[in-house]
Amino acid sequence: MNPNGKYRPFEPIPITNRTWPTKTITKAPLWCSVDLRDGNQALVNPMSVEQKLEFFDLLVKIGFKEIEVGFPSASDTEFNFMRRLIEENHVPEDVTLQVLCQAREHLIKRTFESLKGCRNAIFHLYNSTSPAQRKYTFNKSKEEIKQIAIDGIRCVKSCLSLSEGTNIRLEYSPESFSTTEIDYALEICEAVKKEWGTSRENKIILNLPTTVECALPNQFADSIEYFCQHISNRDEVIISLHNHNDRGEGVAQCELGLLAGADRVEGCLFGNGERTGNLDIVNVALNMYTQGVDPQLDFSDIQAIAEDYKRFTGMEIHPRTPYVGELVYTAFSGSHQDAIRKGMAARVGKADNEYWDVPYLPIDPHDVGRQYEGIIRINSQSGKGGAAFIMEQDYGISMPKAMQPVFGNLVKEAADKAQRELQPAEIFDVFENTWIKTKSPLNIIEISERHLEGERGSNVPEQVATMLTIEWNGKRYAIAANGNGPLDAFVSAMKQTPAPKFNITSFHEHSVGTGSDTYAMSYVQITKEDGSQVWGVGKSSNVGRAGIAAVVSALNFKG
Ligand code: KIV
Ligand code: ZN
């Protein structure tokens, strides 16, 4: 179906002198969490008072100074929650409780009752203003809708005396601002502002919600800048954003709205909220963080916050959700793994606050309490570097660079066969089964060595005599040879068997572990008579034996 006609494009904002496109975000806005109100309203099972209390404590711990705690006139649960917050002293001195209320007299009075004893409160009054709401929901003219707002403010003012001792500020939302004619939204907000009476010391919060997101982010920014330009006494007003995410642009709209002049942001953790959610405050805050701007919210243990959030709300977090999803710090693709591995290696020994430029990772996982372990995970898309990274990081095994492609291919084949991700232990099994546990065609049954001292003062070098019983393809051979070391003697002795003749063309070794648990890892590349080259690995508490085991492993290698 051609959508033209059934749907219409957003009406452009008549602004020509916009300044937002060349601005950047340089400081944190005022944040207001609406998890306990907007977020809660969107849950299949709204939170209990106990859950809300715990969630409130979490929000305080994160650093929110303004928290919309509910709609106290809407239900007993909401009202009781408010009372418990106040009566049980849950609210730190520097935290302001925000309460939402429709512009209707009996609801306003009930909301005031809930505020008794509260130190600092924001009374958040709203009425819906868009053409569709005016027409279908209220069947009222523009003037009548404006009057609802003005009457609401009058009522709030008349109730102020009921809450002596509470410092009350006003927030007004022309609900459905995003679909309201911009000049009409301004007209109502001017009327509200005038009715309330503002000053620089007593600013009004004008909250401009994208109740339903319906424009491009640049168009939204235009509407915010236009509003900021035209509202009178701009310095007596806090412009607040309350983005929903219907087009999946909540974060972008909020960020451009900040460039356009907004001072304050309302949103929910991990984007919970009606339909496609409220603005994801974590996302916006950590976007700032990765630009070097302190968001003034603490997400240094994002996993713990996510676990609490899931427990309170019953919502899941998609594994690809920015900054928090299970997979957002994980690379499966070989080229990504390689770049990450090199970037991470370059950071070894550097201070934690050193400039972060690891490819493919926009933030240091440690900054949000995530570990490096899961950064590289292995499936059939992964490359040589990934499997080597796991072996090094999880098992301390550093195979030589030239050997990594061989191992990478073996792991890739195993993942392809399994048709799934391989766990580190499975990757280790591939390594062990390929190089450490093989006993055929070559198996050493017995080995002994004798050290032959060179004659004192002579040039005759030290020698090692090695005696072996081996099996080659199931047949036993007793062999012996001298060499300048155990490995050399072993290689010479092997010439007396039907095993292919070979030379050692590469040798590496390192130790793993500490103290009495230390063992040696040896890696050899042998070149056989026919020119073919294979790698072998040996592991032993005895360095010499590790080298011999590596040659055995190479001769047993089935690539
Ligand atoms: O989305 C919205 O418009 C709201 C208002 C009540 C602010 O939640
Ligand atoms: Zn909302």
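Guide: Let's start with a ground rule: a residue is near a molecule or strand if one of its heavy atoms lies within 4 Å of it. This is a predicted model, where local features need pLDDT of at least 70, side-chain atom pairs count only at pLDDT 80 or more, and totals for chains, interfaces and linings use all residues. Residues are numbered from 1 along each chain as its sequence is written, chains are lettered from A and ligands numbered from 1 in the order in which they are written, and side-chain values use heavy atoms, with hydrogens and water left out.

Visitor: Which residues surround ligand 1?

Guide: Around ligand 1 you'll find Arg37, Asp38, His124, Ser173, Glu175, Asn207, Pro209, Thr211, His242 and His244.

Visitor: What makes Thr211 a polar contact of ligand 1?

Guide: A polar contact is a pair of N or O atoms within 3.5 Å; within protein, one must be able to donate a hydrogen and the other to accept it, and residues adjacent in sequence count only if both atoms are side-chain atoms. A polar side-chain atom of Thr211 sits 2.5 Å from a ligand 1 oxygen, so that pair is within the 3.5 Å limit. Asp38 has a side-chain N or O atom 3.1 Å from an oxygen of ligand 1, and for His242 the figure is 3.1 Å.

Visitor: Why is the pair Asp38 and Arg37 called a salt bridge?

Guide: The term asks for a side-chain nitrogen of Lys or Arg within 4 Å of a carboxyl oxygen of Asp or Glu. For Asp38 and Arg37 the closest N and O atoms are 3.4 Å apart, so the pair qualifies. Side chains of opposite charge can pair when their charged atoms come close.

Visitor: How do you know whether Asp38 is buried or exposed?

Guide: Buried means under 20% relative accessible area, exposed over 50%, and partly exposed in between (1.4 Å probe, protein chains only). Asp38 has 4%, so Asp38 counts as buried. Arg37, at 8%, is buried too.

Visitor: What about Glu307 and Lys310?

Guide: Their side chains form a salt bridge at 3.5 Å, N to O. Both belong to helix α11 (residues 302-313), three residues apart, about one turn of the helix; helices (H or I, at least four residues) and strands (E, at least two) are DSSP runs, numbered from the N terminus. Glu307 has 40% relative accessibility, so Glu307 is partly exposed, and Lys310, with 26%, is also partly exposed.

Visitor: How many salt bridges does a search of the whole structure find?

Guide: The search turns up 36.
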